[in-house]
Structures are given as structure tokens and as C-alpha cells.
Amino acid sequence: MAAFGKALVLGGGGVTGIAWETGLLLGLAERSVDLLGAGLLVGTSAGSVVAAQVLSGVPLAELFAAQLAPPTSEIPARLGPAGIARFAMAGLWPGDRARGRAWLGRQALRAPTVPEADRRAVIAHRIGRDEWPETPLRIVAVEAESGAVEVFTADSGVSLIDAVGASCAVPMVWPPVTIGGRRYVDGGARSTANADLAEGAERIVVIAPIGAGVRRADRPAAQLKRLGVPGVVITPSPQARAAIGRNVLDPAFRAPAAEAGRAQAAAEAEKVRAVWDA
């Protein structure tokens, strides 16, 4: 596999995860830790949105300001206890892990949601463009029927909006996304960050709004350790978790989550710099 030098991995975490990641990236850049020079980005769910946004050429300060504005284009939602339980069951599925993801995918295919076109419009508004960036970008999704993991890239021949939408299609909350006659759901069904898919990088920074996982081996820190390269995982501080709130899909918490991410950068900058500038 090709070597990419530095890789930035952006994990899933709902609309508040988008906000927190954006604030953290801005706060780090304000402290001369610019992660946007990575040779590879890996985005899962919320992280796929942030990756597409930061590679679009829109300045971080502008992306951050958008997180502070009233969320007029968003559709409020909630992943309730039953949905969380289904995620856990799929993650703990014995034997073939793809079977657990397929079970979750079939639940998603049957669930009543908003129309797929309405959800696509939200994603299109978020990322603002449909052209893949020049910087290599891997966007993670899961094929609903088979549970197979799909890593979309610029070479996949897929719309960037659809790739991001698929990665963000939280089962039982948002509709699976149709691409090439197949239906796809959230890449977080495999792992909250999929840090191991940064294989080929020599140094890795993982920004993960959700650092836990039902299996220890699926957690970002464990995935990073298996790659055997220098890296660091940043997850929300206690103050950031309080700002994010309990419902990561509630756009009303975008602004406090973004501010918390920016503030947290002060405590994380030297740790990240030690990896990024080594």
C-alpha cells in the first residue's frame, strides 16, 4: 500500500461531533498545529463531513463560524436507547462480524425515516460541493444487505455527496443511501473512527468524538496501536462532553460543541505537535 506520510483520521459523532472536530481543528491551527497538510484523510460519519469540508478550500474560521450560526438546514433527530442497543448487538455479534453489520443494515432498511432525497439535501448543504479533493480521502460506509465495509475514494466513481451521505446514514435514524443500486449505512457500524484504515501512513492523528466501542479492539486507540506507527488519539474532554450533551444528533448543541473543541485545543496542541512535527 502506498505511503502517505501524515494521516488525519476524523471519527463519527453526529452533528455535535462535526462541530467539536471543527472547533478543535481551528484551535490547533491557531496554535500553529495545522493538520490540514495531511497526505491522507480518513472520514467516518461526522468525520466524513468534516474531511470533505476542510479539503474544499473553505477556511477553518469560516467553517467554525457556520457551526455557531442557527442550524436552519438541519433535521433534528435522536438515536434512542433501542437504536444504541442495536448498534451494541451488531458490534458484539459472534463469529463473522459482517453478519452483525448486515443484521443492523436490514433493521435500517425497514425503519421509517425521512425521504432519502430530503436527507441528501442536508448533506449537500453541509459540504457545499460534489467534487472529490486532490488530497487522498477515504470515506467509510457499510453495505446494508451484506454488512460489507466499503471505502469510497475519488477512484470509486461515486458522488462525494453520496459517499458522505452513506457514511452518515445512521441506522434507524436516517435512510440508507442508494449508490449503484446498493444501499449503504453509517461507517460507524464498523468502528467509530476506523483508524486502522489509515494504513500506509507513517504518522497518524485521530480525532474521535466517540473514543469508546463495544469491542476494545474496535476502539481508535487499539486500531492505531495495531498499525504500529507514531500516533495520537484525541477525544472530547469532560468539559467538551458536557457541551456536546447526551444527544449528538441535536443541532441545538452545535455551537457549544464547537466552542468546546476550540477551547480544548489549548490542552492538546503539544501532544499533537509531538506526533505531527516529529
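This dialogue explains how to read several features of one predicted model.

Trainee: How many residues of helix H2 are buried?

Mentor: Two terms come first. A residue is buried under 20% relative accessible area, exposed over 50%, and partly exposed in between (1.4 Å probe, protein chains only). Helices (H or I, at least four residues) and strands (E, at least two) are DSSP runs, numbered from the N terminus. In helix H2 (residues 46-54), 9 of the 9 residues are buried, so the rest of the structure largely encloses this helix. Among them are Ala46, Val50 and Gln53.

Trainee: Which residues have the most contacts inside the largest nonpolar core?

Mentor: In soluble globular proteins, nonpolar side chains tend to be buried together. A nonpolar core is a set of buried Ala, Val, Leu, Ile, Met, Phe, Trp, Tyr and Cys residues joined through side-chain atoms within 4.5 Å. Here the largest such core has 56 residues, and Leu8, Leu35 and Phe152 have the most contacts inside it. Helix H10 (residues 254-276) gives the most to this core, with 8 residues. A second, separate core of 14 residues includes Val9, Val42, Val206 and Ala208.

Trainee: Which residues does Phe152 touch?

Mentor: Contact means heavy atoms within 4.5 Å. Leaving aside residues up to four places away in sequence, the residues that Phe152 touches include Trp132, Leu137, Ile179 and Tyr184.

Trainee: How many cavities of 30 Å³ or more does a search of the whole structure find?

Mentor: On a 1 Å grid over the protein atoms alone, a cavity is a set of points where a 1.4 Å probe fits but cannot get out; a pocket is an open set with protein on both sides within 12 Å along at least five of seven lines; and lining residues have an atom within 4 Å of a point. Grid points are joined across faces, edges and corners, and a volume is the space filled by probe spheres set on the points. The search finds 2 cavities of that kind. The largest cavity holds about 100 Å³ of space. Its lining has 13 residues, and Gly14, Val15, Arg119, Arg126 and Leu249 lie nearest its centre. Helix H1 (14-30) and helix H6 (116-127) are the elements that give two or more residues to this lining.

Trainee: What is the volume of the second largest cavity, and which residues line this cavity?

Mentor: The volume is about 40 Å³. The lining consists of Ala90, Gly91, Arg97, Arg101, Ala189 and Arg190.

Trainee: What volume does the largest pocket have?

Mentor: The largest pocket has about 850 Å³. It is lined by 29 residues, of which Leu79, Ile84, Phe87, Thr192 and Ile210 are the closest to its centre. For classes, Ala, Val, Leu, Ile, Met, Phe, Trp, Tyr, Cys and Pro count as nonpolar, Asp, Glu, Lys and Arg as charged, and the others, Gly among them, as polar. The lining of the largest pocket has 13 nonpolar, 11 polar and 5 charged residues.

Trainee: How many salt bridges does the structure hold?

Mentor: Side chains of opposite charge can pair when their charged atoms come close. A salt bridge is a side-chain nitrogen of Lys or Arg within 4 Å of a carboxyl oxygen of Asp or Glu. The structure holds 8 salt bridges. One of these joins Arg97 and Asp218, with the closest N and O atoms 2.5 Å apart. Arg97 is in helix H5 and Asp218 in the loop between strand E7 (201-207) and helix H8 (220-227), 121 residues apart.

Trainee: Is Asp218 buried or exposed?

Mentor: Asp218 is buried, because its relative accessible area is 13%. Arg97 counts as partly exposed, at 26%.

Trainee: Where do Asp162 and Arg120 lie?

Mentor: The side chains of Asp162 and Arg120 meet in a salt bridge at 2.7 Å, N to O. Asp162 lies in helix H7 (residues 160-167) and Arg120 in helix H6, so the pair ties together parts 42 residues apart in sequence. Asp162 is buried at 17% relative accessible area, and Arg120 is partly exposed at 35%.

Notes:
Residues are numbered from 1 along each chain as its sequence is written. This is a predicted model: local features need pLDDT of at least 70, side-chain atom pairs count only at pLDDT 80 or more; totals for chains, interfaces and linings use all residues. Side-chain values use heavy atoms; hydrogens and water are left out.
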